[in-house]
Each structure stands twice: as C-alpha cells, then as structure tokens.
Amino acid sequence: MDIVVCVKRVPLTEEVDLVIDAQKKGVKKDQLAFVLNDWDNYAVEEAILLKEKHGGTVTAITIGNEDDEEVLRRCLAMGADRAVRVEVGDVSRFDSFGIAKILARVVKDLPHDLVFAGVLADDDNCGMVGMLTAEELNLNHSCMVTAMELVDGKVRTTSELEGGLGEVSVVDLPALLTIQTGINEPRYVSILGIRKAAKKELKVMDLTEIGISDEELAPRAIIEEVYLPPQTEGAQILTGDTDKIASDFVEILTKKGVMG
Amino acid sequence: MSEIFVVVEHRLGEIRDITFEMLWKAGELADKLSYSVTAVLLGHEVSGMAEKLSDRADQIVICDDERVKNFNADFHKEIIAGLIEEAKPPLILIGSTSWGMELAPCLAIKTGLPLATDCTDILTEDGKLVAQRQMYSGKIFANVSFAESTGCIISIRSGVFSKDKIGDRQAQTARKDFPLADVKPTKQFVEYVETAAGDVDITQAELLVSVGRGIGEEENIALMKELAEALNGVVSCSRPIVDKNWLPKFLQVGTSGKSVSPKVYIAIGISGAFQHMAGTSGAGTIIAVNKDPKAPIFRTAHYGIVDDLFKIVPVLKDKVLEAKKVKKPWTLN
C-alpha cells in the first residue's frame with residue numbers, strides 16, 4: 001500500500017492579532033509561529049496507521065520554500081518514509097488550482113494506491129486542493145473522511161455530512177481521500193524524533209524539473225483585497241473585577257430565567 | 001437571457017436549507033443584473049421538490065435518474081457540466097456543504113471555470129462578479145475576482161443568506177435526459193449512518209455550558225461540568241473536543257453536530273468558527289468566555305467575558321451557588 005500525503009505549513013493564528021500586509025493581499029507573517037496544518041496532521045497519521053497495518057510506503061509532499069521543510073521533517077518523524085518539497089519560493093502566489101496542478105504532476109510519478117489531503121487548510125480555508133488534485137489526476141475520490149478501512153482491494157470510507165450524519169461509500173483504488181479531523185489521534189513527535197528523522201530522504205524539486213510553466217499556474221480566482229472583518233456591535237463585554245463580572249453574569253442568567 | 005444556475009441540494013427527499021439560501025441570493029443578483037434564475041435539480045422522482053422551488057426560480061431543469069437519487073459527484077459533475085456547456089451561465093452556485101465541497105472542484109476542473117469556495121457574499125463591481133470570503137477562520141475577509149471566463153462557480157456558506165423567497169417568479173420546468181450510460185461511478189453509495197447517537201439530548205437543554213479548545217486539557221472538563229451542574233445545565237462542546245475524544249460526538253454543537261436552542265448558551269474557550277456558530281443560531285442568549293478579545297465568537301455572542309477561564313469559571317460557579325442559596329428561602333418550589 002503506497003500512500004502519498006499532501007501537507008502544508010500554516011501560521012498559528014488563534015489568539016493572535018493578524019496584520020494586513022502593505023499590498024492588502026495577505027497578512028504579515030514574520031511574527032507568526034508556523035505548524036503543520038491540523039487536517040494534514042490527521043492525514044499523515046492515517047497514512048502511517050495504514051502502513052503499519054498493511055505495509056508499503058508513505059511519502060509526504062509540500063510546496064513552498066526551505067522554511068516549509070519543517071513540516072516534512074515532522075512527517076518523517078511521525079513515520080513517513082520519504083518527503084518531497086517543490087521549491088516555488090513564496091507559495092502564496094498560487095491559488096488552489098495552481099497548487100493542485102503541481103501536486104498532480106508530482107504524485108503522478110510516485111507510486112500511489114492512496115493519496116491523502118487534509119479537508120481544509122487553516123490559512124486560506126479554501127478546502128479544494130484535495131479534490132482539484134483528484135480531478136487533475138483523474139483519481140477516484142471520497143471527501144471529508146472520518147473513518148476508513150481497506151476491504152477487498154477497495155477502500156470503504158465514511159464521509160462526514162451535516163447534522164451528525166455519515167455517508168458510507170466504497171471506492172476503487174487508486175483513490176484520493178480528503179481527511180477530516182478526528183479520524184484518529186495523531187502521535188506525539190519529539191524534538192529527538194525529528195532529529196533522528198533527519199537521515200530520511202527529503203527530495204527537493206523545482207518547477208522546471210516537474211515540467212510545469214508559470215503560465216499553467218496562473219490563478220483562476222484572484223484575491224483583490226483582504227481586510228479585517230467589518231466592525232459589528234458584537235458582544236457586550238462584562239467589565240470590572242472578577243467579583244463584579246460574576247455578579248453581572250448571575251444577573252443576566254436570572255433575567256433570562258435560567259437560575260431555577 | 002443569461003442564467004444563474006443554482007444546484008439544488010437535497011437529502012432523503014428533503015430540500016436542504018442551503019438551496020433556498022442560494023435561490024435568495026441568485027434572485028437578488030438576477031433582479032440587479034437582469035439575469036434569470038435556473039434551479040438545477042438532479043434526483044429521482046423529484047416532482048414534489050420541484051413544486052417547492054417553483055416560486056423561487058424562473059426555470060427548473062430536472063434530470064430524473066435513479067443513479068442520482070443519492071448525491072454522486074461523478075454523475076453530478078457530468079450532468080451539470082453538460083448543462084453549463086449548453087447554457088453558458090455566467091454564475092453557478094453550489095452549497096459549500098459536504099457534498100458541495102466534493103462537487104464544486106470536480107466541476108471546476110471538468111468545465112475549466114474558476115471557483116471560489118465558501119463565500120459569504122457576492123458583490124458586483126463594474127458588472128463583474130466579486131466573491132467575498134473569509135480566511136484564517138474568519139479573522140480576515142477577502143474579496144476575490146475571477147480570471148476571464150464564460151462564467152464562474154461560487155460555493156456558498158450555509159446560513160448567510162435568507163431562506164425567504166425574493167421577487168415574483170413562476171418557474172418553467174424542463175426535463176433533460178443525459179446519456180449517463182458510459183459514466184462509470186468510482187464511488188458506490190452504501191448507506192447513511194448516524195454518527196452522533198447518544199443518551200443525552202443537548203437539543204432539548206434550556207442551558208448549555210459548551211466547552212472548546214481553549215480549555216486546554218481534558219481534566220479541565222470537570223470544572224466546566226461543575227459550572228453546568230450549579231446551573232442545572234448540560235455540558236456540550238465544539239468540534240476539537242470531540243476530535244480529541246474528550247467528549248462524545250452527541251454533545252457536539254455545530255454543522256457536523258447538533259443545532260441547539262437553549263435559553264442561554266455559555267461558550268467557554270470556544271473561538272467561534274462559523275461551523276460551530278451555525279449550530280447556535282437558535283440560542284436565546286450567548287455568553288462567551290474567552291481570553292482572546294479578538295476571538296470571532298465575540299462578534300455573535302450577546303455578552304462576553306474576556307479573561308483566563310480557569311480564573312473566572314470557579315468564581316462564576318461560586319457566585320451561582322451563592323445566589324441560589326440566598327434565593328432558596330423565598331422560593332416555594
């Protein structure tokens with residue numbers, strides 16, 4: 001079972017004040033900490049679990065610059081066998097269509113029974129790279145997978161629908177699955193583990209090597225401007241010391257008739 | 001007349017709300033741009049559904065085939081791409097739902113059209129369409145335009161537009177037959193399963209104490225349970241808590257969990273991603289406790305407490321217990 005996992009390095013933005021960059025096309029990233037995209041973390045774990053059960057290989061791919069390699073090192077430490085980085089400089093110049101084209105071109109030349117991608121990336125929240133890549137490769141697919149198992153050379157998946165409903169499907173291999181959070185419990189990775197994994201193969205390719213021109217990567221959806229959310233009235237913030245806040249809290253609950 | 005396509009989403013014989021929301025936006029844009037609205041309805045024995053759409057679209061195109069009784073991205077893609085080829089609509093709307101997230105990219109590759117996903121509005125600037133969407137879980141908004149093309153696909157976030165009808169419309173219905181024989185589905189539907197069954201029904205609770213990622217560690221749930229108990233409320237949670245297996249799925253509020261309608265919803269350590277907030281629209285009053293004053297939840301909550309929740313929650317609990325003690329002698333029941 002050869003599995004390819006597509007991963008992305010994204011900034012941590014919870015409890016962070018984001019600042020719009022001068023071109024108003026994105027946010028300033030120099031002060032941000034970066035991590036492996038949450039969804040991708042689950043995707044890598046799922047690939048490794050499958051490998052542990054059925055044998056085979058796990059290859060992690062990312063697109064970006066040298067800094068983005070840190071997420072590949074993490075994947076290798078988790079148990080991936082090798083990693084590929086496509087050097088493109090700043091990855092944010094491509095839209096999802098461009099990313100999917102590059103991924104498709106790389107995956108095509110790698111052995112793959114299964115290709116995993118996270119449902120969504122924590123930065124642009126587009127949620128389409130996985131499916132675009134599947135279509136570029138003409139691969140069978142299943143989306144938002146929360147459970148999967150291999151049955152008679154096929155993959156049986158549960159896709160998450162709304163309202164607590166799951167859709168069970170059987171998909172022929174090779175296939176691309178987009179992986180939803182919660183499908184497993186991603187393993188812990190230690191600094192030592194990452195150091196040990198440094199010996200594993202990490203291949204760097206550029207777009208010329210892949211044979212893809214900038215023209216083919218022209219964005220279809222163009223960000224004209226990014227901006228902070230317009231001010232809304234929002235919540236009435238309770239102020240004062242904790243005792244005053246707690247008294248106000250109780251008063252609200254009393255008014256709303258839930259104090260019994 | 002140019003048409004706006006709205007891909008009708010339905011499940012188990014019911015039209016889903018997102019369909020009406022898209023038809024509302026399509027109607028508004030159609031009136032502004034002198035377009036017409038076409039509802040694209042794929043399914044099997046769907047005349048009842050078509051009826052429900054008849055005053056919300058100018059045309060309904062029905063593709064009735066047993067193979068599209070349940071959603072299937074492969075079949076949907078082929079049929080809708082064929083319709084797009086024929087009508088060349090400048091705008092195609094698809095729900096940004098589980099199914100839409102699968103269909104929209106497939107359709108974009110098949111037709112070569114540009115796509116913007118999970119959009120919260122569609123604006124017109126000099127006759128051009130601009131989609132508004134969010135990034136970084138709602139902390140940043142973006143306006144997106146489209147590369148030169150015959151049309152564009154925009155997937156629409158659930159719950160952002162009205163479900164009401166807009167304008168006076170009486171739909172013409174057309175049935176289309178498509179040669180699906182040579183399309184081989186790569187995915188076989190097996191069944192729907194209930195993934196959120198359990199013995200506590202949070203949809204019936206009058207007061208919910210809902211916990212999110214901000215509680216940090218599993219053992220901190222105990223403290224939140226104490227607050228819930230003091231208030232005779234029920235504990236619920238957001239997705240990350242279920243993903244970590246700290247609480248069962250049947251306690252999850254949100255798009256993929258339950259929609260709740262308590263009198264009071266106390267959200268603790270929940271950032272307020274739209275997928276979560278979508279499940280709280282029925283709540284009477286939302287009180288959010290979060291240490292990040294920029295957390296999106298403060299945009300929709302009625303009251304907010306910006307503080308370290310481990311510091312404030314014990315005080316809230318004590319105050320509640322104290323108030324109940326004081327109150328008791330004067331209450332008869």
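Predicted model: local features only at pLDDT ≥ 70, side-chain atom pairs only at ≥ 80, totals over all residues.

Residues are numbered from 1 along each chain as its sequence is written, and chains are lettered from A and ligands numbered from 1 in the order in which they are written.

**Exercise 1.** Work out how many residues of chain A and chain B take part in their contact.

Solution. Start with the rule: two residues are in contact if their C-beta atoms, placed from the backbone, lie within 7 Å. Now count each side: chain B gives 75 residues and chain A gives 69. Then sort the chain B side, which has 37 nonpolar, 21 polar and 17 charged residues. For the sorting, Ala, Val, Leu, Ile, Met, Phe, Trp, Tyr, Cys and Pro count as nonpolar, Asp, Glu, Lys and Arg as charged, and the others, Gly among them, as polar.

**Exercise 2.** Find out how strand β9 of chain A and strand β12 of chain B run, parallel or antiparallel.

Solution. Strands here are DSSP runs of E with at least two residues, and helices are runs of H or I with at least four, numbered from the N terminus. Two strands pair if DSSP finds at least two bridges between them. β9 (residues 165-172) of chain A and β12 (residues 187-194) of chain B are joined by 7 bridges and run antiparallel. To spot the pairing, look for A:Val170, which sits opposite B:Gln188 in β12(B).

**Exercise 3.** Describe how α3(A) and α4(A) cross.

Solution. The axes of α3 (residues 96-108) and α4 (residues 129-136) of chain A come within 8 Å and cross at roughly 50 degrees. Angles under 35 degrees count as roughly parallel, over 145 as roughly antiparallel, 65 to 115 as roughly perpendicular and the rest as oblique. So α3(A) and α4(A) are oblique to each other. Last, check who meets whom: residues of α3(A) including A:Phe97 and A:Leu103 meet a set in α4(A) including A:Leu132. The residues of this contact split into 7 nonpolar, 2 polar and 2 charged.

**Exercise 4.** Find how many residues domain 1 and domain 2 of chain B each bring to their contact.

Solution. The bounds, from an automatic or database domain assignment, are 3-175 for domain 1 and 202-330 for domain 2. Domain 1 brings 6 residues and domain 2 brings 7.

Definitions and conventions. Axes fitted to C-alpha atoms, helices over the stretch in contact; angles between N-to-C directions.
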